[in-house]
Amino acid sequence: MKVSNQGHEILQKQHDLISGFVASESKKIQMLTIVVVLLAISLVLDVSIGPGNFSFSTVLDVLMNRESHGIKLEVIIWDYRLPIAVTAVIVGAMLGISGALMQTLLNNPLAEPFTLGVSSAASFGAALAIVTGIGFVANVGSLLVTLNAFIFALVTCGLLLLLMRIKGVGTQAIILFGIAIFFAFNAMLAMMEYGASETQLQRIVFWMLGSLNRASWMQIFWGTSLLAIIMPFCMMRTWRLTALRLGEESALSMGVDLARLRIEILICISLLAATAVAFVGTIGFVGLVGPHIARLLVGENQRYFIPLSALLGALMLSVTSIVSKALTPGIIYPIGIITALIGVPVFLAIIIRHSKEQNL
Amino acid sequence: MSLSVSNLTVSYGSHVVLDQLSIEGLHRGSFTALLGPNAAGKSTLFKSIAGLIPVHSGDVFLGDKNLRTCAKKERAREVIYLPQAFYSSLALSVFESVLVSLKQNVSWRVKSSDVHQVAQVLELLNIAHLAEKNISELSGGQKQLVALARILVVNPKIILLDEPTSALDLHHQLSILTIIKKLTIERGFITVAALHDVNLAAKFCGQIMLLDKGEIQTQGNASDVLAMPLLGEAYKVETSLERSREGQLYLDAKLLENSNLAMA
């Protein structure tokens, strides 16, 4: 009788454990859902704000039915505002995922495309195209700047990848290499700026500030396609990435092919970061803060951490897009400035609150 | 079924760490201590048995199966290596970190059988109350228990523990080793632990292997190995074998008279 009571007690305890786990999983899914809803609201708000404010419901009407409020509104919303708002979401998601993946891969919460020199390489590529017209691809006209930025970012990621292939090179060395790249390209960029004409200088500075105004449906098509391929690819690797968070040797001992996983993920990071920078210029901070907040909300189980980093990155950039228009009516500030301006205080507040909670 | 190693050679560049090393059959249910001075190659030996590092030559057999020619995933189910330094700060719950050991496929979903298995192991090790806590919030002893849970949930045949007691106080050293010994016998694991404390090794492990100069210098019954002068030579100390009032053999050691106190 005693044995069966004990058995019953153990079963009850196991049942409690399982329900606890299921509850924590559904809490995380709730978190993802909340951010999706916030993102949808932010997207519509982004479309409705701008010169000649339209009401939220009018915008929703036009989004549901293009011709419901006449050709003028259709053009403004569908051809001008919506591409910008959607680009903010897509680029934000790209920056969020690439930051999260970089942080996991390099085991460093400060890693992101910006801190590892990818963005500076892209800026240099763009400046090179603006000042000298030199690019990797000929006869592409206005696309030259974008393509150059993309290719320079990709080449930098390739260098990081090559370094990773060298035996015995640890993640610390890769981070230091990234920082060296950052300074090297910044120096070359300064050199380029020094020799540039006034108009060229203006174009370089504007490109570097980060702007959504170059948004187009073509960009959205490419960006969405890339995300549609990379997101499931990464999601299939989330358990292996979580194993990596438990330490390289632990992951290897679990049978994870670490060398292969690293290369696969770095290729994803390269494509995402290079595309994001080529689309909108240098936007720092989103790749750093998105994953950081995601970590605080759902922890480091990568199956929630990666999608939430993507959603938070998207939400951040979408909100930034709204603020950049709402700050001074009639003026759209470059988005790169706004991300840092609202990102920094929010980030600091979160860090201070979190460390206070930990010390309690 | 037993674990044996024959003529294993591992080198880092031109530096040969393990030189034609062989281990005789370690049977299921046996708990063996791997002793040896710092930098003798204990971790290297473990990593090469687990397939974590490339091996120059030699074979690792589990029964008739040559682990060296096994696929990575298959080998990971047979051998688990628990590294020396265990993660310090990580925002991952105890439950999740144990679950990870079971989930190395592409599926995003978690099967209910996996969840049940994790719950059973946490209950078995009496750490069910820690399930929702983050790893970073745990004490050293609790972290080691979680590491053990991660091994148990996979239920391998060979367990290689790299200094499992190094960060623990005396109470936790004794309790972790007691648990490991009990589970080794009950589940029939082949357990090898690299230990620094010779007397702790003799107390818990039936067998001791001494690794020095890239080779296993001796392998045998704990009390026999303890009595060998080889042990003192390997550690560059003077040893004398004593017997406690309970009849337990223990090794008393002191520095050699001419030994250099600088960390040579």
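Of the contacts in chain A between residues at least 6 apart in sequence, 76% join residues at least 24 apart. The model in which this share was computed is a predicted one. Chain A contains 14 helices and 0 strands, and its pattern, read along the sequence, is accordingly written α-α-α-α-α-α-α-α-α-α-α-α-α-α. The radius of gyration of chain A is 23 Å, which is close to the 21 Å given by the globule rule for 360 residues, so chain A is as compact as a globular protein of that length. Along the principal axes, the C-alpha atoms of chain A fill a box of roughly 90 × 55 × 40 Å, and buried residues account for 46% of the 360 residues in this chain.

In chain B, an open sheet of 4 strands is found, with the order 2-1-4-5 and antiparallel pairing. The edges of this sheet are formed by strand 2 (15-27) and strand 5 (65-66) of chain B, each of which pairs on one side only. Strand 1 (residues 2-12) of chain B runs antiparallel to strand 2 of chain B, and the two are joined by 7 bridges; in strand 2 of chain B, Val16(B) is the residue that stands opposite Ser11(B). Helix 1 (residues 42-50) of chain B packs on the sheet, where it touches strand 1, strand 2 and strand 4 (57-62) of chain B, and the direction of this helix makes about 65 degrees with that of strand 2 of chain B.

Further along chain B, strand 11 (residues 237-243) and strand 12 (residues 249-255) run antiparallel and are joined by 7 bridges. Val237(B) has Leu255(B), in strand 12 of chain B, as its bridge partner. These two strands of chain B form a hairpin with 5 residues between the strands, and in this hairpin Gly247(B) takes a positive phi near 90 degrees.

The contact between the two chains takes 31 residues from chain A and 33 residues from chain B. On the side of chain B that touches chain A, at least two residues each are supplied by helix 2 (72-78), strand 6 (79-82), helix 3 (94-102) and helix 4 (112-124) of chain B. Helix 4 of chain B gives the most to this side, with 6 residues.

Technical notes:
Residues numbered from 1 in each chain as written. Chains lettered and ligands numbered in written order. Predicted model: local features only at pLDDT ≥ 70, side-chain atom pairs only at ≥ 80, totals over all residues. Rg over C-alpha atoms; globule rule 2.2 N^0.38 Å. Buried ≥ 20, exposed ≤ 12 C-beta atoms within 10 Å, placed from the backbone. Contact = placed C-beta atoms within 7 Å. Pairing = 2+ DSSP bridges. Axes fitted to C-alpha atoms, helices over the stretch in contact; angles between N-to-C directions.
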